[in-house]
Amino acid sequence: MATLDLAVAGLRPHKRDALRELGIMSLNGMFDEMDGVAVLRQATEHLLPGDLAIVSSFGADSSVLLHMVAQVDKSLPVYFLETGKHFPETLDYVETLKRQLGLTNVVALHPDAKDIARFDPTGDLWETDPDSCCHIRKTEPLDEAVKGFGGWVTGRKRYQTAERGVLPHFELTSDDRIKVNPLAYFSDADIVSYKLKYGLPEHPLYAKGYKSIGCAPCTSIVAEGEDPRAGRWRGLNKKECGIHFDFNGAIAKPMANQELNLFKDGAFVADPFHSWAEGDDAGSVSYTHIPLAVFVENRDAVLANPHPVGLLVSPADDVMAVKGDLDRFSSIAINFPAYTDGRGYSSARLLVERLGYKGEVRAVGDVLHDQIQLMRRCGITAFVVKHEPTKKALIDGKLATVDIFYQPVGLTEIPVGTRPFLRRAVENA
Ligand code: SF4
């Protein structure tokens with residue numbers, strides 16, 4: 001089979017993306033739903049040879065994907081997220097599968113010791129903030145490991161959760177990687193019969209009622225007939241650890257001792273973004289708002305940066321300078337250094353109304369109670385608020401309202417002029 005050459009030299013990135021998407025769509029149509037080995041072979045031998053990692057939890061179903069890996073190439077890199085919270089039986093199972101399947105390149109990924117010391121010194125973050133616990137123990141180590149790869153292989157299946165119900169064999173991620181899901185169409189029964197057919201060893205806890213196995217504190221036994229994943233984060237509104245979220249589903253960064261300052265969709269939420277810092281590298285930062293001037297100077301490096309990034313617009317910046325690159329940014333932060341400086345409103349309107357930017361537009365800087373409705377009118381949907389009275393007003397739902405507009409925006413606001421009788425006419429209407 002011919003190599004699918006997705007690196008089309010000389011094309012601007014968004015055109016390349018369109019071609020990649022087309023390539024992904026046709027790839028998804030090429031394979032029999034159940035032929036996971038063919039999917040894996042296509043990915044490892046043709047699509048991304050030498051540039052693909054396997055990620056495995058070594059949980060209840062992991063032997064199926066790993067058996068397929070062993071058929072294709074026993075030396076493929078297999079990453080195991082060693083969170084430090086696994087059952088001892090899982091660690092034994094890693095050794096069992098390595099030995100039995102002959103896998104020669106299984107690598108354990110550990111969380112950064114500095115993150116653990118800072119955010120989870122007592123080891124109970126899973127209890128108070130499981131999203132952050134998964135972030136430092138799984139997402140961050142995996143992000144670091146897969147940085148050097150063009151894609152990675154997962155063992156996810158459609159039947160597992162409603163969110164996975166449309167999972168294809170090949171996915172294109174927003175950071176320009178390809179995720180390969182050879183088992184996407186396997187049912188629970190298919191997994192069982194595959195294990196039987198090839199005599200694969202069961203996870204030692206499977207027979208004890210653990211049907212989906214992750215970290216020990218967050219995994220429980222499921223009852224007969226219960227959804228196998230019901231035993232994961234039982235009682236919490238959490239279904240994924242976060243390693244499979246793309247930007248729009250980004251989970252919280254570690255939040256221990258972190259104040260919630262981002263107001264979005266009616267609540268203060270964890271902010272996945274960092275501020276740009278002196279010495280940051282535009283080509284490798286992740287979840288950072290890159291100042292517009294830095295972006296212009298380092299455009300090629302930012303476009304080649306594999307991570308989600310945002311853009312920081314200052315009052316004197318001309319957003320038209322980046323109009324062709326807006327789809328590179330997951331979020332745009334508009335700086336209001338003083339409440340008297342209104343230039344950010346114009347930038348927001350240009351981005352949203354004229355340039356059609358669809359991502360998050362957030363206000364940062366001197367964001368005060370009275371400005372929020374005005375900012376919303378200009379297309380700003382998120383607010384980084386540090387002013388305590390403003391925070392309280394937002395939490396209490398007590399925002400100042402304005403209903404007379406001398407400078408209407410969009411198509412729905414009607415100018416009323418400055419004359420008192422015109423204002424009275426609108427007020428009495
Ligand atoms: S599954 Fe639980 S213990 Fe493991 S990283 Fe996530 S929250 Fe922490």
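Mentor: Helix 3 and helix 4 are roughly parallel to each other, a label for angles under 35 degrees, with over 145 roughly antiparallel, 65 to 115 roughly perpendicular and the rest oblique. This is a predicted model, in which local features need pLDDT of at least 70, side-chain atom pairs count only at pLDDT 80 or more, and totals for chains, interfaces and linings use all residues. Residues are numbered from 1 along each chain as its sequence is written, and side-chain values use heavy atoms, leaving out hydrogens and water.

Trainee: At what angle do the axes of helix 3 and helix 4 cross?
Mentor: Helices (H or I, at least four residues) and strands (E, at least two) are DSSP runs, numbered from the N terminus. Axes are lines fitted to C-alpha atoms, for helices over the stretch in contact, and angles run from 0 to 180 degrees between N-to-C directions. The axes of helix 3 (residues 62-72) and helix 4 (residues 88-101) come within 10 Å, and they cross at roughly 30 degrees.

Trainee: Which residues of helix 3 and helix 4 make the contact?
Mentor: Contact means heavy atoms within 4.5 Å. Helix 4 contributes Y93, L97 and L101, and helix 3 contributes S63, L66, H67 and A70.

Trainee: In what order do the six strands of the open sheet lie?
Mentor: Two strands pair if DSSP finds at least two bridges between them. The pairing in this sheet is mixed, and the order is 3-2-1-4-6-5.

Trainee: Which are the edge strands?
Mentor: Each edge strand pairs on one side only. They are strand 3 (106-109) and strand 5 (170-172).

Trainee: Do strand 4 and strand 6 run parallel or antiparallel?
Mentor: Strands of a sheet pair through backbone hydrogen bonds, either parallel or antiparallel. Three bridges join strand 4 (residues 151-153) to strand 6 (residues 178-180), and the two run parallel.

Trainee: Which residue in strand 6 does V153 stand opposite?
Mentor: Look across to strand 6 from V153. The residue there is V180.

Trainee: Is F58 buried or exposed?
Mentor: F58 is found in the loop between strand 1 and helix 3, and its phi is near 50 degrees, a positive value in a residue other than glycine. Buried means under 20% relative accessible area, exposed over 50%, and partly exposed in between (1.4 Å probe, protein chains only). With a relative accessible area of 0%, F58 is buried.
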